[in-house]
Amino acid sequence: MVAKFFGSLFGGAEREPRRVLDEHLPLTQEQELEQTRLALTELRSAVRRAGAVLPVLASSRLRQTDDLLAALIGYIAEHGASTEQRVLLNAMVTDYLPTSLRVYRALPASTHAEDSPEAEKLLEQLDILHSTALDLDNQVRTGAIAELSVHGRFLQDKFDVGGIRLTPGPGPQPHEGDSH
């Protein structure tokens, strides 16, 4: 019922919404990221189709955000991320960005001018989403640095047996008659 109502607003009333992350079937991280990657490809296609009605700055911001998210998906696939970070990434790609795009496209053609209030609102939303993507990217990469530090402390604790440390001894001492 709710899906049909929102679908009627955003042009998808005849179909049931596609669930990218189905709560009933646990996905591996790889499957989840692949679905997010496919959804990003669909978003790119939607942006290209909407190109004629989008303000130039909006198209540019969408492409910048798309590039950032695509790189982030690749980074997460290789290095991992927390569940919360992956959920936010997926929501941005499957919900937040597409919704902004769909709502703007659903507006009357007369509001699609570069300097219209509606275009300004779209740009505000896209700037917020781009900033969020930058923050997410930073969090994921900073998390990797923190993880490396934690692992370093673990190794130090593990191999610092009873306070015995293998440290280099003093080097050869110069003799009194030696000059450098």
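Tutor: Buried means under 20% relative accessible area, exposed means over 50%, and partly exposed lies in between (1.4 Å probe, protein chains only). By that rule Arg86 is buried, with a relative accessible area of 11%. This is a predicted model, in which local features need pLDDT of at least 70, side-chain atom pairs count only at pLDDT 80 or more, and totals for chains, interfaces and linings use all residues. Residues are numbered from 1 along each chain as its sequence is written, and side-chain values use heavy atoms, with hydrogens and water left out.

Student: How many salt bridges does the structure hold?

Tutor: A salt bridge is a side-chain nitrogen of Lys or Arg within 4 Å of a carboxyl oxygen of Asp or Glu. The structure holds five salt bridges. One of them joins Glu32 and Arg86, whose closest N and O atoms are 2.9 Å apart.

Student: Which parts does the pair Glu32 and Arg86 tie together?

Tutor: Helices (H or I, at least four residues) and strands (E, at least two) are DSSP runs, numbered from the N terminus. Glu32 lies in helix H2 (residues 29-49) and Arg86 in helix H4 (residues 83-106), so the pair ties together parts that are 54 residues apart in sequence. Glu32 is buried, with a relative accessible area of 10%.

Student: Where do Arg44 and Asp66 lie?

Tutor: Arg44 forms a salt bridge with Asp66, with 2.8 Å between the closest N and O atoms. The pair links distant parts of the chain, Arg44 being in helix H2 and Asp66 in helix H3 (residues 56-79), 22 residues apart. Arg44 counts as partly exposed at 31% relative accessibility, whereas Asp66 counts as buried at 10%.

Student: How many residues apart are Arg37 and Glu34?

Tutor: Both lie in helix H2, three residues apart, which is about one turn of the helix. Arg37 counts as partly exposed at 33% relative accessibility, and Glu34 counts as partly exposed at 35%.

Student: Which residues form a nonpolar patch on the surface?

Tutor: Patches are made of residues with over 30% relative accessible area and no salt bridge; like charges are joined within 9 Å, and nonpolar side chains (Val, Leu, Ile, Met, Phe, Trp, Tyr) within 5 Å. Accessible areas come from the Shrake-Rupley method with a 1.4 Å probe, and for residues only the protein chains shown count as cover. Here Phe154, Leu155 and Phe159 form such a patch, with about 320 Å² of accessible area together. Leu155 lies in helix H5 (residues 117-159) and is partly exposed, with a relative accessible area of 33%.
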